[in-house]
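Visitor: Could you take me through this structure feature by feature, giving the general idea before the particular case?

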Amino acid sequence: MQRLTITMDDDLVDYLDNFIQEKGYTSRSEAVRDLVRDSLSTEKNQRNEECLGVLSYLYEHETRELARRLTNTQHHHHHLSVSTLHMHISEEQCLEVSILQGKRHQLENLADSLISQRGVNHGYLRLLPKPKDE
Ligand code: NI
């Protein structure tokens, strides 16, 4: 192991300490190791990992052509999209929750292309490693 000295803003340290307390870490080092490991392994090594994804977002269905554009995007990536639940929340707002399956970077790209559309709010993708067949 190597010892690192890191400089951080006070705000960020508070944020980190809250995180440590919430998660029950016993030291900052342990927490920072996990954060770095998660972040770097996601970025580099696990790009092609088979994943399940749960994508949720709110959108305003009356925003010009948005409902049609979102559906088109899902159709264009139909091999990644397993199922979508649609809820009409109000006169204007809809909630969609999609179950996705595919390689990590494919699911991230699909989620980005949906979430980044104007009129889509609170987009959130949760990825889970797909359990291997026994
Ligand atoms: Ni709706």
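**Reading the model**

Guide: In this predicted model, a search of the whole structure finds two aromatic pairs. One of them brings together tyrosine 57 and tyrosine 59, whose ring centres are 6.0 Å apart and whose planes meet at 40 degrees, so the pair is tilted.

Visitor: Which quantities describe a pair of aromatic rings in general?

Guide: Such a pair is described by the distance of the centres and the angle of the planes.

Visitor: Is tyrosine 57 buried or exposed, and is tyrosine 59 buried or exposed?

Guide: Tyrosine 57 is buried, because its relative accessibility is 1% and the term applies under 20%. Tyrosine 59, at 4% relative accessibility, also counts as buried.

Visitor: How do the side chains of a regular strand relate to the two faces of the sheet?

Guide: In a regular strand they alternate between the two faces. Strand β1, residues 50-60, has a covered face made of Cys51, Gly53, Leu55, Tyr57 and Tyr59, while Glu50, Leu52, Val54, Ser56, Leu58 and Glu60 make up its uncovered face.

Visitor: What does β3 form with β2?

Guide: β2 and β3 form a hairpin, with four residues between them. Strand β2, residues 81-88, pairs with β3 in the antiparallel sense over seven bridges, and leucine 85 stands opposite valine 97 in β3.

Visitor: Which residues coordinate the nickel ion, and through which atoms?

Guide: The nickel ion is coordinated by His86 through NE2, His88 through ND1 and Cys94 through SG, at 2.0 to 2.4 Å. Along the chain these donors follow the spacing H-x1-H-x5-C. As for accessibility, histidine 86 counts as partly exposed, because its value is 31%, whereas histidine 88 is exposed, with a relative accessible area of 62%.

Visitor: What volume does the largest pocket have, and which residues lie nearest its centre?

Guide: The largest pocket has a volume of about 560 Å³. Its lining comprises 15 residues, with Leu4, Ile6, Arg28, Ser29 and Val32 lying nearest the centre. Helices α1 (10-23) and α2 (28-45) each supply at least two residues of that lining, and α2 gives the most, with six. Sorted by class, the lining has eight nonpolar, three polar and four charged residues.

Visitor: Finally, where is lysine 130 placed, and how far apart are its C-alpha atom and that of glutamate 62?

Guide: Lysine 130 belongs to the segment after β4, and its relative accessibility of 32% makes it partly exposed. The C-alpha atoms of lysine 130 and glutamate 62 are separated by 35 Å, the two residues being 68 residues apart along the chain.

How values were computed:
Residues numbered from 1 in each chain as written. Predicted model: local features only at pLDDT ≥ 70, side-chain atom pairs only at ≥ 80, totals over all residues. Heavy atoms only, no water. 1 Å grid on protein atoms, 1.4 Å probe; cavity = no way out; pocket = protein on both sides within 12 Å on 5 of 7 lines; lining within 4 Å. Points joined across faces, edges and corners; volume = space filled by probe spheres on them. Nonpolar A, V, L, I, M, F, W, Y, C, P; charged D, E, K, R; others polar. Donors = N, O, S within 2.8 Å, 3.2 Å for Na, K, Ca; no water. Buried < 20%, exposed > 50% of the residue type's maximum accessible area, 1.4 Å probe, protein only. Phe/Tyr/Trp six-rings, centres within 6.5 Å; stacked < 30°, edge-to-face > 60°. Pairing = 2+ DSSP bridges.
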